[in-house]
Amino acid sequence: MRERFWEQYPLEELTAEEWEALCDGCGQCCLLKFQDEESGELAVLNLACELLDVHSCRCSDYEHRLERVPECTRLTPERVGEFRWLPHSCAYRRVAEGRKLARWHPLLSGDPERVHRKGISVRSFAVTSRGVPEEQYEDHIIAVIPID
């Protein structure tokens, strides 16, 4: 990977390896979300995609995730702006907005566990959606985000 690529190149010019390395491993994009069609508000649940390993906050089948979970959120450089619900801490969002990476980010700290120790990841509160009936999803709402 190119040195400090996130500061030198726009997202669209990153290699696939650089794009993946930009992920901070928080797992927040893997939480289930539902948008109210009338208000546009987005309900975020503490339920994680069935493929998310909630301890590591990494997909257990990343290579095949889109086949196994068709509604998987696929972040790409071209689509980052569409996901206004991404947390302000998200490296993809930060770089897209022209901000620097957080000091705890693995590319700067060299420590992929730091995102968990700082409480940024979903490790401490997410549970897998596997086995949770849809009629109970409302009980798992942890935030409602207004979306323009």
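Charges and cysteines in a predicted model

Q: Is aspartate 36 buried, partly exposed or exposed?
A: A residue is called buried under 20% relative accessible area and exposed over 50%, with partly exposed in between. Because the relative accessibility of aspartate 36 is 39%, this residue counts as partly exposed.

Q: How many disulfides does a search of the whole structure find?
A: A disulfide is a covalent bond between the sulfur atoms of two cysteines, and here the two sulfur atoms would have to lie within 2.5 Å. For cysteine 59, the nearest cysteine sulfur is that of cysteine 49, at 6.2 Å, and cysteine 59 is in no disulfide. For cysteine 72, the nearest cysteine sulfur also belongs to cysteine 49, at 6.1 Å, and cysteine 72 is likewise in no disulfide. Over the whole structure, the number of disulfides found is zero.

Q: Where is the place of cysteine 72?
A: Cysteine 72 is partly exposed, with a relative accessible area of 23%. Its C-alpha is 21 Å from that of glutamate 18, a residue 54 positions apart from it in sequence. The place of cysteine 72 is in the loop between helix 3 (65-68) and helix 4 (91-96).

Q: Which residue forms a salt bridge with glutamate 18?
A: Side chains of opposite charge can pair when their charged atoms come close. The salt bridge of glutamate 18 has its closest N and O atoms 2.6 Å apart, and the pair links distant parts of the chain, with glutamate 18 in helix 2 and its partner in the segment before helix 1 (5-8).

Q: Which residues do salt bridges that share partners join into one network?
A: The structure holds eight salt bridges, including the one between glutamate 82 and arginine 79, with N and O at 3.3 Å. Another is that of arginine 117 with aspartate 111, where the closest N and O atoms are 2.3 Å apart. Salt bridges that share partners also build one network, and the residues joined in it are Arg93, Glu97 and Arg99.

How values were computed. Residues numbered from 1 in each chain as written. Predicted model: local features only at pLDDT ≥ 70, side-chain atom pairs only at ≥ 80, totals over all residues. Heavy atoms only, no water. Buried < 20%, exposed > 50% of the residue type's maximum accessible area, 1.4 Å probe, protein only. Helix = DSSP H or I, 4+ residues; strand = E, 2+ residues; numbered from the N terminus. Salt bridge = Lys/Arg side-chain N within 4 Å of Asp/Glu carboxyl O.
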